[in-house]
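Hello,

Here is the structure we talked about handing over. Please have a look at it first, then read the notes below.

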Number of protein chains: 4
Amino acid sequence: MSGAPQRPLRADAARNRARLLDIATQEFTTRGVGVSTEEIARAAGVGVGTLFRHFPTKEALLQAVMVRRLETLAARTTRLAAESGPAGAFFDCFRLVVDQSAGKNEFTRALAAAGMDAHSALREPSAVIRDKLAELLAGAQRAGAVRPDLGLPELIALLTGTTAATEQLGTDPAARERVFEVVLDGLRPR
Amino acid sequence: MSGAPQRPLRADAARNRARLLDIATQEFTTRGVGVSTEEIARAAGVGVGTLFRHFPTKEALLQAVMVRRLETLAARTTRLAAESGPAGAFFDCFRLVVDQSAGKNEFTRALAAAGMDAHSALREPSAVIRDKLAELLAGAQRAGAVRPDLGLPELIALLTGTTAATEQLGTDPAARERVFEVVLDGLRPR
Amino acid sequence: MSGAPQRPLRADAARNRARLLDIATQEFTTRGVGVSTEEIARAAGVGVGTLFRHFPTKEALLQAVMVRRLETLAARTTRLAAESGPAGAFFDCFRLVVDQSAGKNEFTRALAAAGMDAHSALREPSAVIRDKLAELLAGAQRAGAVRPDLGLPELIALLTGTTAATEQLGTDPAARERVFEVVLDGLRPR
Amino acid sequence: MSGAPQRPLRADAARNRARLLDIATQEFTTRGVGVSTEEIARAAGVGVGTLFRHFPTKEALLQAVMVRRLETLAARTTRLAAESGPAGAFFDCFRLVVDQSAGKNEFTRALAAAGMDAHSALREPSAVIRDKLAELLAGAQRAGAVRPDLGLPELIALLTGTTAATEQLGTDPAARERVFEVVLDGLRPR
DNA sequence: CATGAATGAGGTTTCATTCAT
DNA sequence: CATGAATGAAACCTCATTCAT
């Protein structure tokens with residue numbers, strides 16, 4: 001049920017695994033999911049065999065990258081929520097998730113296309129985020145900062161959509177800001 | 001300069017071409033751009049050779065699918081714009097474009113990834129849409145129905161984003177409606 | 001047994017056949033046997049179907065081109081042999097055959113590679129040349145102008161070889177001339 | 001700059017590479033450059049992937065075969081030149097090159113047809129041969145054994161041509177010998 | 001007869017994955 | 001455990017040949 005290793009990895013093995021994850025994240029994000037396993041292994045300075053020892057499948061690697069992203073996101077979300085009032089926390093987190101999710105759609109889609117239920121492997125880490133987001137949404141709604149009829153699914157869809165929108169505007173920060181304003185304004189009770 | 005064929009295609013050729021486009025649209029949309037040319041040809045009931053006679057490259061096929069979508073879209077946009085007042089036309093078109101664009105991101109992305117300037121082949125049909133949208137935006141802004149600081153790029157990004165968001169909500173019309181409300185509300189001057 | 005058409009071709013059909021042969025000769029010679037039937041047909045201004053009506057196979061077309069070359073060659077050889085004395089006729093013909101055979105190796109090889117006995121279809125026209133050459137060789141040997149131990153096969157091999165050699169020197173006429181001198185000198189009794 | 005592998009190949013890899021080269025040489029020579037990579041791989045007892053790991057392109061394989069032939073040739077030429085006097089060395093080498101060059105024309109032609117400068121990849125090994133031949137030619141000319149007006153290009157063309165001629169006479173050693181006599185005699189000062 | 005659209009086997013090449021070293 | 005050579009299915013595309021128009 002858990003992704004945690006059976007026994008603690010040897011030091012060098014752990015180093016290789018971490019390095020592979022880092023490189024894979026970077027390559028998948030910048031060059032798409034089409035990059036070959038061979039290239040990722042080479043960029044990480046290991047042989048393909050090592051890659052496949054740690055991740056039995058290319059898809060498993062994709063999954064692991066996703067999981068780590070979600071975990072990082074969950075951690076930062078938690079931290080942020082603790083620092084501001086309910087409304088501020090909600091809007092800050094919205095921005096944070098969007099900024100951190102660049103490229104995520106590609107992964108989700110790749111996993112989905114491979115016919116696998118995205119929820120099976122990502123259930124645990126994404127559940128953490130969902131819970132955080134639900135909590136933040138409820139808080140902001142109680143504080144009257146967000147329209148009360150909005151549900152969690154819509155919030156997540158809007159996060160995905162805003163990610164897509166801002167990705168398309170990569171080079172123009174002012175335009176990205178205006179897009180944020182539109183969506184965040186729209187979230188307020190009318 | 002024109003997309004129209006040099007001579008009228010023979011009856012069977014036209015049938016095959018149309019059928020290929022239909023099948024390709026469907027396959028690309030439902031299963032992603034990874035589907036093989038061979039499968040598309042088989043699904044269309046023709047040999048691969050026929051596919052490649054009509055579209056000399058897989059990318060050319062993708063392009064053709066895109067072009068047809070954009071043309072359909074442009075036609076409907078024009079019709080709608082004529083029927084309502086400036087504000088109504090703008091909001092109606094926004095919905096229309098989003099509804100018609102399901103799956104389009106995949107294509108745009110695929111074309112971009114293939115290193116081709118999306119504007120080269122799609123320039124004409126997409127320019128028509130851009131012009132329409134720019135016109136509608138200006139009209140709605142003049143009518144005070146849309147915040148005046150919004151530019152065309154942001155509008156297009158928001159269209160893309162809203163498409164992504166509603167795609168994720170496919171099964172729940174009420175939730176889709178709430179997403180639309182958020183974005184359309186956000187577009188109004190605050 | 002004969003390549004002559006069963007009945008006289010219609011005027012346009014004959015024109016097409018001739019044109020196809022001309023174009024095919026040119027394309028095969030300048031661009032190699034790799035040129036596609038489609039390209040040859042297009043260059044000849046007819047559809048592929050027409051090409052295949054006249055020549056049921058690409059190989060048949062190659063054959064026809066060869067045959068025509070050989071026939072032309074035979075005719076010129078005959079003419080030349082009548083005009084000079086035995087020695088002169090021999091050496092003139094040697095040069096003529098070499099000059100006219102540029103590119104011929106490609107064809108011979110293509111036919112051979114296709115697993116067909118080159119002699120089956122080319123037997124008749126090439127027999128004419130062989131006879132001419134045999135006659136010329138005998139005459140020149142009687143006149144003491146060519147070493148008496150040389151047989152017809154060696155003569156033909158030397159023709160092929162000299163063709164290959166001069167083809168490699170295409171751009172430099174003086175060098176070609178020196179190659180001719182070497183071979184023709186070598187043919188004389190030592 | 002060097003053709004030597006960066007690190008010593010693993011034992012099996014080296015075996016496969018050598019075997020591929022051997023088989024490719026044989027197949028290309030006996031059946032033409034048309035043989036498919038798949039067939040070569042199968043004949044060598046490896047998968048296609050292995051073939052393409054060693055030679056990233058069919059052309060690269062052709063090149064490698066050529067290079068090996070030329071290198072072998074250069075080595076033998078060097079040895080021979082050291083053993084005989086200037087005239088003997090020249091004539092011996094002429095025969096050696098011709099005997100070793102059977103089929104070489106096919107490769108050269110294939111490479112040329114593929115639009116690649118034959119000199120780019122083969123520059124080094126073929127330069128060695130050219131140098132050797134130039135040296136031998138000069139020596140034989142100084143010794144008065146070869147006509148003084150003959151240049152290196154003509155010599156090479158004659159080698160090519162004699163190769164073509166003797167190839168055609170494969171089954172009859174006496175005829176081949178007579179062809180050699182004609183050419184070698186022609187090379188002597190008249 | 002001419003046309004050119006359709007066919008599909010076959011060619012080259014890539015890449016996730018396995019396994020000998 | 002790490003390595004990277006080997007594998008072979010599958011992708012895209014070409015082209016000789018057939019046959020409906």
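**The interface of chains A and B**

Chain A and chain B together bury about 2300 Å², and carbon and sulfur atoms carry 60% of that. Keep in mind that this is a predicted model. On the contact side, 27 residues of chain A touch 27 residues of chain B.

Six salt bridges are found between chain A and chain B. One of them joins the side chains of A:Asp185 and B:Arg147, at 3.9 Å from N to O. Six residue pairs are in polar contact across the interface of chain A and chain B, with both residues at pLDDT 80 or more.

**How the two copies are related**

In general, a rotation about an axis and a shift along it relate two copies of a chain.

**The aromatic pairs**

How many aromatic pairs are there over all chains? The count is four. One of the pairs is A:Phe90 with A:Phe91: it is edge-to-face, with 5.2 Å centre to centre and 85 degrees between the planes.

Are these two residues buried or exposed? A:Phe90 is buried, because its relative accessibility is 3% and the cut-off is under 20%. A:Phe91 has 11% relative accessibility, so A:Phe91 counts as buried as well.

Now chain B. The ring centres of B:Phe90 and B:Phe91 are 5.2 Å apart and the planes are at 85 degrees, so this pair is edge-to-face. The cut-off behind that call is an angle over 60 degrees. B:Phe90 and B:Phe91 are both buried.

**Charges over the Phe91 rings**

Which residue has its charged end over the ring of B:Phe91? It is B:Arg188, at 4.6 Å from the ring centre. In chain C, the charged end of C:Arg188 sits over the ring of C:Phe91, 4.7 Å from its centre.

To find your way around, start with the salt bridge of A:Asp185 and B:Arg147. Then go to the ring of B:Phe91, with the charged end of B:Arg188 over it.

Best wishes

Definitions and conventions: Residues are numbered from 1 along each chain as its sequence is written. Chains are lettered from A and ligands numbered from 1 in the order in which they are written. This is a predicted model: local features need pLDDT of at least 70, side-chain atom pairs count only at pLDDT 80 or more; totals for chains, interfaces and linings use all residues. Side-chain values use heavy atoms; hydrogens and water are left out. Rings of Phe, Tyr and Trp (its six-membered ring) pair if their centres lie within 6.5 Å; planes under 30 degrees apart count as stacked, over 60 as edge-to-face and the rest as tilted. Buried means under 20% relative accessible area, exposed over 50%, partly exposed in between (1.4 Å probe, protein chains only). A charge sits over a ring if NZ of Lys or CZ of Arg is within 6 Å of the ring centre and within 35 degrees of the ring normal. Contact means heavy atoms within 4.5 Å. Buried area is the accessible area (1.4 Å probe) that two parts lose on being put together, summed over both. A salt bridge is a side-chain nitrogen of Lys or Arg within 4 Å of a carboxyl oxygen of Asp or Glu. A polar contact is a pair of N or O atoms within 3.5 Å; within protein, one must be able to donate a hydrogen and the other to accept it, and residues adjacent in sequence count only if both atoms are side-chain atoms.
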